[in-house]
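Hi,

Here is the structure I promised to pass on. Could you load it and read my notes alongside?

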Amino acid sequence: MSRTTMSTRFKPAASPVILAVGMALCGIAAAADEPSPHYYLGLQAGRNNLDNWNADVSFGAGVTLPGKVGLDQGMHGGLVFGRQTEHARYEIEYQRGSFDLQSIELGPLKEAAGGSGHYEALTLNAYRTERLSDSVSGYLGAGIGFGKTKLPSASFSTGCHCFPASSGNGLAWQLRAGLEYDFAAAHKGFIQYTHLGLPSPDSGSTPGVDYDRKQIGIIGLGYRYVFP
């Protein structure tokens with residue numbers, strides 16, 4: 001169905017959110033039942049796969065056109081503090097990522113643009129862990145929390161300031177899977193894939209822009225230190 005004027009766009013909550021909540025609660029419950037807990041600190045760094053972000057551009061009086069910004073993927077990083085047992089981990093995590101604006105599109109119009117944006121997420125995560133060998137383990141889990149997004153302003157050379165600076169905050173969620181290698185009892189390195197859901201930013205103005213919610217993928221490498 002094409003977008004029309006005088007229409008209200010409904011943004012349903014992504015179904016993976018339900019899965020994220022369920023997995024997180026189950027993981028926390030499992031961790032609480034297991035013996036010998038240890039606390040840990042960790043960090044990660046990687047790249048996101050952001051390449052575009054769809055939006056509705058409103059000119060007032062019920063006139064709305066579909067738009068999009070082209071993006072260049074950027075860096076992603078995070079810090080975590082958590083608690084682990086034999087078969088489970090649960091943690092609080094802060095993540096931040098960046099991206100660059102490359103182009104803007106409005107209907108048939110497309111033009112190069114510049115600027116940079118970023119996103120942040122603070123989540124509670126829970127994982128199920130399994131030992132695969134003496135030194136390698138795998139983990140699968142989910143997280144849910146609060147996120148923020150920010151995109152820069154951009155204009156067409158014709159003078160249309162169609163994409164004002166936009167920001168948003170609200171629900172953030174993630175699904176994650178990874179492999180971890182034990183360098184020593186306290187030192188662990190890992191590689192992981194994260195599927196992160198972010199809230200939708202908007203300009204809060206007319207004319208203005210209202211972006212969709214966004215789901216992105218992130219490949220990261222990281223390190224954990226487990227306290228004795």
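Predicted model: local features only at pLDDT ≥ 70, side-chain atom pairs only at ≥ 80, totals over all residues.

**Rings, charges and one serine**

Let me start with the aromatics: Trp 53, Phe 99 and Tyr 211 are linked into a cluster by ring pairs. A pair here means rings of Phe, Tyr or Trp (its six-membered ring) with centres within 6.5 Å, and planes under 30 degrees apart count as stacked, over 60 as edge-to-face and the rest as tilted.

Residues are numbered from 1 along each chain as its sequence is written, and side-chain values use heavy atoms, with hydrogens and water left out.

How many aromatic pairs does a search of the whole structure find? The search finds eight. One of them is edge-to-face, because the rings of Tyr 127 and Tyr 139 have centres 5.5 Å apart and planes at 75°. This pair links distant parts of the chain, with Tyr 127 in strand β7 (residues 116-131) and Tyr 139 in strand β8 (residues 136-151), 12 residues apart. Strands (E, at least two residues) are DSSP runs, as are helices (H or I, at least four), and both are numbered from the N terminus. Tyr 127 is buried at 2% relative accessible area, and Tyr 139 is buried at 4%. The cut-offs are under 20% for buried, over 50% for exposed and partly exposed in between (1.4 Å probe, protein chains only).

The rings of Tyr 225 and Phe 227 have centres 5.1 Å apart and planes at 90°, so that pair is edge-to-face. Tyr 225 is partly exposed at 28%, and Phe 227 is partly exposed at 33%.

Tyr 139 turns up again with a charge: the charged end of Arg 89 sits over its ring, 4.7 Å from the centre. The rule is NZ of Lys or CZ of Arg within 6 Å of the ring centre and within 35 degrees of the ring normal. The charged end of Arg 224 also sits over a ring, that of Tyr 40, 4.4 Å from its centre.

Now the salt bridges, taken as a side-chain nitrogen of Lys or Arg within 4 Å of a carboxyl oxygen of Asp or Glu. The count comes to nine. Among them is Arg 224 with Glu 180, whose closest N and O atoms are 2.7 Å apart. Arg 224 lies in strand β12 (residues 214-226) and Glu 180 in strand β9 (residues 166-182), so the pair ties together parts that are 44 residues apart in sequence. Is this pair's Arg 224 buried or exposed? Arg 224 is buried, at 2%, and Glu 180 is buried too, at 5%. Elsewhere, salt bridges that share partners join Arg 89, Glu 91, Glu 93 and Arg 176 into one network.

Glu 130 and Arg 128 meet in a salt bridge at 3.4 Å, N to O. Glu 130 is partly exposed at 37%, as is Arg 128 at 42%. Lys 110 bridges to Glu 105 at 3.8 Å, and Lys 110 is exposed at 59%.

Lys 110 is also one of the contacts of Ser 103, leaving aside neighbours within four places in sequence; others include Lys 68, Gly 70 and Ala 113 (contact means heavy atoms within 4.5 Å). Ser 103 belongs to strand β5 (residues 88-106) and counts as buried at 10%.

Cheers
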